[in-house]
Amino acid sequence: MPCTGTKTRQGVTVTGARKLFIKTYGCQMNVYDSARMAQALESGGYETTSRPEDADMILLNTCHIREKAAEKMYSELGRLKPLRTKRPDLKIGVAGCVAQAEGEEIFRRQPMVDLVVGPQAYHRLPAMAQAAGAGKKMLDTEFPREDKFDHLPKPSAGRRAPAAFLTVQEGCDKFCTFCVVPYTRGAEASRPAPRILAEARDLVARGAVEITLLGQNVNAWQGAADDGPWNLAKLIRELSRIDGLERIRFTTSHPNDMDEELIAAHGECEKLMPYLHLPVQAGSDRILKAMNRRHTAQGYLRLIERIRAVRPDIALSGDFIVGFPGETAEDFEATLALCKEVRYAAAFSFKYSARPGTPAADRTQVDEDEKKERLTRLQALLARHQAEFQQAQVGRTLKVLVEKPGRKPGQMAGKSEYLHAVHMPADTGTLGRVVSARILASERNSLSAEPISGCADS
Ligand code: 5AD
Ligand code: SF4
């Protein structure tokens, strides 16, 4: 876009439209944050590009959960160096949890970086970008008291994808001893109910059929409303009144915050999809205690029983860590036993890796080869359960929200109510509709299907 001169938007003076490239690492929360950062910077005169070589600013939106996140970010910055040398005007920023955790260290190790912004300060990005443009090094990793969402612009006009994400809560007070989130995302903070409802209505007006409520500890959400604080169950009930919104999901939950009302909602609320991501991390009480999870394996299994009592077909998924400091072969067997009892529809499993600054990082570590072997065994079991759950769908009719064209011509792809990826022969007219589809086969990570009537019927 040509230079359009100097103008003032949101109190920030900018010159022309410049190009912004954001590389996003990690979870849906980060994908959502990247979209909001792009919108914030739009008001500062930037438009997004998918080509880093065209960009005037490159932002790395980092995630600290995964292993060696900081090293990976420094390597990525190293790879950007030639581009920056060729184009000294190019601005480079680091956002997200690694930015929060590393702070000034980033400038020290990579002096070419212009701005470092933590997840709580994205609304300040336009001003920071402007100052960076004037040659200043900008750092903001404070945890402000105000709601950053109040300051971020609303999603821009135009139709959106049928499945949208909506952040309702951030941060975590649980302090599991392996986890950086309480340090990088700060204390639990819930957005007020009216703002969430307004954003949801807005998303639906722009074409969203499904909304996934996001939060690091989403079921701890406690939002202010006119008639006092609401819990997540109440929010879900209110959201389900929105015409045009057909599906509601939420992630990620802590077992201890699954209250009675939220469990009941899974049996009562038709729009709440029968899928629940409920990480347990380990099956040994000794390890759960060392992780500071504050629940036992039996407590977790009883909770699953209660959820299944109200929604017998619910698909459950979980997160697991193997080789946590002090985990013996026997402890690990307890994790396998728990998995066999639950039979997860899907799961995410990781080798423990020390995150500096967290309590478990300084404990005696399990041998790396042992960790690898345990992870291989656990993943084989989880894959078997996932395959069984998928296979059980063959011959059934599922409702598929069509989200995008499939990989092959004449194919569309979407998600079942159980969050399976489903592809089927259909035309683009089905986009954004819920289609009844007969499941024909289970593939590695997806299901193939044929539409029954081709028309929306949810
Ligand atoms: N090592 C390995 N896995 C971790 N997770 C979080 N921190 C660590 C760590 N230090 C996993 C947990 C969490 C998921 C998002 O990432 O299983 O639920
Ligand atoms: Fe981290 Fe989740 Fe534990 Fe919070 S509850 S500390 S986000 S693993």
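This note sets out numbered points on a predicted model of a protein and its surroundings at one ligand.

1. Basis. The model is predicted, with local features requiring pLDDT of at least 70 and side-chain atom pairs counting only at pLDDT 80 or more, while totals for chains, interfaces and linings use all residues. Residues are numbered from 1 along each chain as its sequence is written, chains are lettered from A and ligands numbered from 1 in the order in which they are written, and side-chain values use heavy atoms, with hydrogens and water left out.

2. Overall form. The protein has 14 helices and 23 strands; helices (H or I, at least four residues) and strands (E, at least two) are DSSP runs, numbered from the N terminus. Its radius of gyration is 23 Å, close to the 23 Å that the globule rule gives for 458 residues, so the protein is as compact as a globular protein of that length. The radius is taken over C-alpha atoms, and the rule is 2.2 Å times the number of residues to the power 0.38. Along the principal axes, the C-alpha atoms fill a box of roughly 60 × 60 × 50 Å.

3. Of the 458 residues, 54% are buried. Buried means under 20% relative accessible area, exposed over 50%, and partly exposed in between (1.4 Å probe, protein chains only). The accessible surface is about 20,200 Å², and carbon and sulfur atoms account for 51% of that surface; the areas come from the Shrake-Rupley method with a 1.4 Å probe, and for residues only the protein chains shown count as cover. Among contacts between residues at least 6 apart in sequence, 69% join residues at least 24 apart, a contact being heavy atoms within 4.5 Å.

4. Ligand 2. The shell around ligand 2 consists of Cys172, Lys174, Phe175, Cys176, Phe178, Cys179, Val181, Pro182, His254 and Arg293. A residue is near the molecule if one of its heavy atoms lies within 4 Å of it. By class, the shell has seven nonpolar, one polar and two charged residues, where Ala, Val, Leu, Ile, Met, Phe, Trp, Tyr, Cys and Pro count as nonpolar, Asp, Glu, Lys and Arg as charged, and the others, Gly among them, as polar.

5. Lysine 174. This shell residue also forms a salt bridge with aspartate 257, with the closest N and O atoms 2.7 Å apart. The pair links distant parts of the chain, 83 residues apart: lysine 174 is in the loop between strand S10 (169–170) and helix H7 (181–184), and aspartate 257 is in the loop between strand S15 (247–251) and helix H10 (260–268). Both lysine 174 and aspartate 257 are buried. A salt bridge here is a side-chain nitrogen of Lys or Arg within 4 Å of a carboxyl oxygen of Asp or Glu.

6. Other salt bridges. The structure holds 32 salt bridges. One of them joins aspartate 331 to arginine 286, the closest N and O atoms being 2.5 Å apart. Aspartate 331 lies in helix H13 (residues 329–342) and arginine 286 in helix H11 (residues 285–290), so the pair ties together parts 45 residues apart in sequence. Aspartate 331 counts as buried at 7% relative accessibility, whereas arginine 286 counts as partly exposed at 48%. Lysine 415 and glutamate 403 also meet in a salt bridge, at 3.9 Å from N to O. That pair connects strand S20 (residues 411–415), which holds lysine 415, with strand S19 (residues 397–405), which holds glutamate 403, twelve residues apart. Lys23, Glu76 and Arg79 are linked in a network of salt bridges.

7. Helices H5 and H9. In helix H5 (residues 125–133), the buried residues are Leu125, Pro126, Met128, Ala129, Ala131 and Ala132. Glycine 135 follows H5 and has a positive phi, near 95°. Helix H9 (residues 232–239) is mostly covered, with six of its eight residues buried: Leu232, Ala233, Leu235, Ile236, Glu238 and Leu239. These pack against helix H8 (193–205), strand S12 (210–214), strand S14 (230–231), S15 and H10.

8. Isoleucine 65 is found in the loop between strand S5 (57–62) and H2 and is partly exposed, with a relative accessible area of 33%. Not counting residues up to four places away in sequence, isoleucine 65 touches Cys179, Val181 and Arg355; Cys179 and Val181 are also among the residues around ligand 2. Glutamate 71 is in helix H2 (residues 69–86) and is partly exposed at 42%.
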